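This report describes a core, a chain-to-chain contact and a surface near DNA. Please look over the sequence and the structure before reading on.

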Protein chains: 2
Amino acid sequence: MPTSWDCIVTRSDRSSRGNRLLEALPPETLQTLHGYFEPVALPLGSTVYEAGSETSHLYFPTEGIISMLEVTEDGSTAEIAVVGNEGVVGISLFMGGKTTPSRAVVQSAGRAERLRAQILQREFKRGGELQVLLLRYTMALITQMSQTAVCYRHHSAEQQLCRWLLMSLDRLPGDELVMTQELIADMLGVRRQSVTEAASKLQAHGLIRYARGRITTLDRPGLEQRACECYAVVKKEYERLLEVTAARDLV
Amino acid sequence: MPTSWDCIVTRSDRSSRGNRLLEALPPETLQTLHGYFEPVALPLGSTVYEAGSETSHLYFPTEGIISMLEVTEDGSTAEIAVVGNEGVVGISLFMGGKTTPSRAVVQSAGRAERLRAQILQREFKRGGELQVLLLRYTMALITQMSQTAVCYRHHSAEQQLCRWLLMSLDRLPGDELVMTQELIADMLGVRRQSVTEAASKLQAHGLIRYARGRITTLDRPGLEQRACECYAVVKKEYERLLEVTAARDLV
DNA sequence: GCGCCCGGGTCCGAATTCGCACGCTATGCC
DNA sequence: GGCATAGCGTGCGAATTCGGACCCGGGCGC
């Protein structure tokens with residue numbers, strides 16, 4: 001049986017960046033889960049969870065981004081939350097209810113450590129640090145969803161694009177993201193042309209540069225200024241709720 | 001010490017309708033909380049929680065409706081969830097984080113049983129039925145918020161008004177609700193004129209009748225038909241998640 | 001009985017977004 | 001090297017919503 005330190009070293013070797021939620025756990029807790037993690041790839045565009053389907057695993061991203069999408073009857077979509085290596089996908093597996101009516105899609109390729117629901121549930125029910133951490137994370141997620149809702153109601157497509165870019169950049173290394181305008185449109189629930197228009201304006205102002213599915217950030221502070229307050233509100237709440245733990249450096 | 005049955009009888013005497021979340025608890029659990037409940041009035045328009053403020057109590061409505069509102073920098077509002085006697089306000093007190101960035105306002109006058117956070121936390125941490133129930137309820141709330149977000153993105157003001165009316169009616173006795181169009185506009189995050197326009201159309205079609213802040217439902221199935229799917233999706237999910245318990249008769 | 005004010009109806013132009021369609025171009029594949 | 005296609009630009013008209021303003025009518029308080 002390896003020591004918990006060995007465990008951490010092993011995990012660190014496996015991916016350049018770890019999952020901050022897991023890293024925030026006390027070593028003893030992590031130890032009880034050790035051996036049950038299963039590294040998986042998150043290929044771009046793949047579906048982690050289909051809406052309403054039962055799933056058996058939770059996904060702790062270590063790299064890349066997973067989007068939680070809500071789909072309407074007529075096929076329109078809207079992103080209600082994003083999850084990077086600061087979080088976990090599959091909260092219904094410890095919250096109860098087993099399924100969620102939303103879809104989880106890989107928005108930016110990466111990897112995740114996945115864990116069988118039963119394993120996590122067993123530890124969750126013991127009521128220790130893991131439970132506290134996951135519930136706080138869920139609260140942060142709720143904040144993100146709420147803020148997204150008002151944002152959809154009151155802010156312009158350009159403001160929302162800025163917010164979305166910033167949220168994505170926070171969860172990726174570097175200042176570039178690979179994403180076509182069409183996919184961004186699906187995330188924001190608008191037409192591709194609206195994204196094109198907003199993006200051209202940002203490019204004209206020297207905030208970003210893009211070409212054929214690659215977007216490069218040139219002026220981050222400028223983006224933050226053009227974004228609605230929703231970005232800052234959510235980020236601040238993530239820091240507040242997870243500051244002592246995983247999100248300390250979610251800057 | 002009264003028996004648990006006494007306890008229930010006492011509580012039933014106090015309000016014509018109880019809180020279904022509490023009623024779904026096993027008598028032993030309710031017994032441990034007995035004596036800590038405090039009946040409070042929910043006067044129309046009063047604020048239960050201010051956004052971002054710390055609070056010490058959870059509110060289990062027995063009558064009336066509480067709206068969770070998100071407020072933007074410029075003062076615009078949008079309702080992200082409603083809570084009636086099937087739920088509880090103040091989930092951050094057991095989820096962790098203490099405060100929420102949303103505001104809770106009494107949308108329809110009524111009453112609630114309130115409980116000090118510490119009392120509930122103590123029982124919550126024991127990990128029994130109470131915890132399971134509250135977490136499932138939180139999942140249902142998340143569904144409502146997610147669906148509200150897409151609804152804001154993709155559905156018309158009229159569809160949203162129908163959805164809102166139906167959700168309110170589900171949480172009230174009778175077929176009438178006291179609410180000015182201006183307040184409905186605040187809830188839906190639209191202008192008063194948009195509500196007026198949609199409401200006149202509904203009235204012209206004989207679905208509702210209204211005058212000076214009183215709205216009467218004349219044709220409920222008609223409203224359901226005109227509403228977007230969001231109403232049904234959320235309701236179904238509430239039933240699924242809470243069916244064995246409180247929401248059995250949330251019809 | 002009088003006047004105030006709340007709740008609601010209506011008209012206006014402007015802005016935004018929508019849906020659709022067509023055109024351009026660089027990348028990648030054969 | 002040629003060609004298909006993904007990614008983006010652009011130009012419509014239509015629909016919706018916005019913001020502001022003004023009006024009316026009925027209930028309430030004085």
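A nonpolar core is a set of buried Ala, Val, Leu, Ile, Met, Phe, Trp, Tyr and Cys residues joined through C-beta atoms within 7 Å. The model discussed here is predicted. Its largest nonpolar core has 154 residues, and I66(A) and I66(B) have the most contacts inside this core. Neighbours within four places in sequence aside, I66(A) is in contact with L42(A), V48(A), Y59(A), P61(A), V83(A), V89(A), A104(A), V105(A), V106(A) and Q107(A).

Chains A and B also touch: 35 residues of chain A are in contact with 35 residues of chain B. On the chain A side, β4 (77-83), α4 (92-95), α6 (129-154) and α11 (230-242) each supply at least two residues. The largest share of that side, 16 residues, comes from α6(A).

DNA strand D has 17 residues around it, of which T180(A), Q181(A), T196(A), A157(B) and V190(B) come nearest. Two or more residues of this surface are given by each of α8 (181-188) and α9 (192-204) of chain A and α9 (192-204) of chain B. With four residues, α9(A) provides the largest share of the surface near DNA strand D.

Terms used: Residues are numbered from 1 along each chain as its sequence is written. Chains are lettered from A and ligands numbered from 1 in the order in which they are written. This is a predicted model: local features need pLDDT of at least 70, side-chain atom pairs count only at pLDDT 80 or more; totals for chains, interfaces and linings use all residues. A residue is buried if 20 or more other C-beta atoms lie within 10 Å of its own, exposed if 12 or fewer, and partly exposed in between; C-beta atoms are placed from the backbone. Two residues are in contact if their C-beta atoms, placed from the backbone, lie within 7 Å. A residue is near a molecule or strand if its C-beta atom, placed from the backbone, lies within 6 Å of it.
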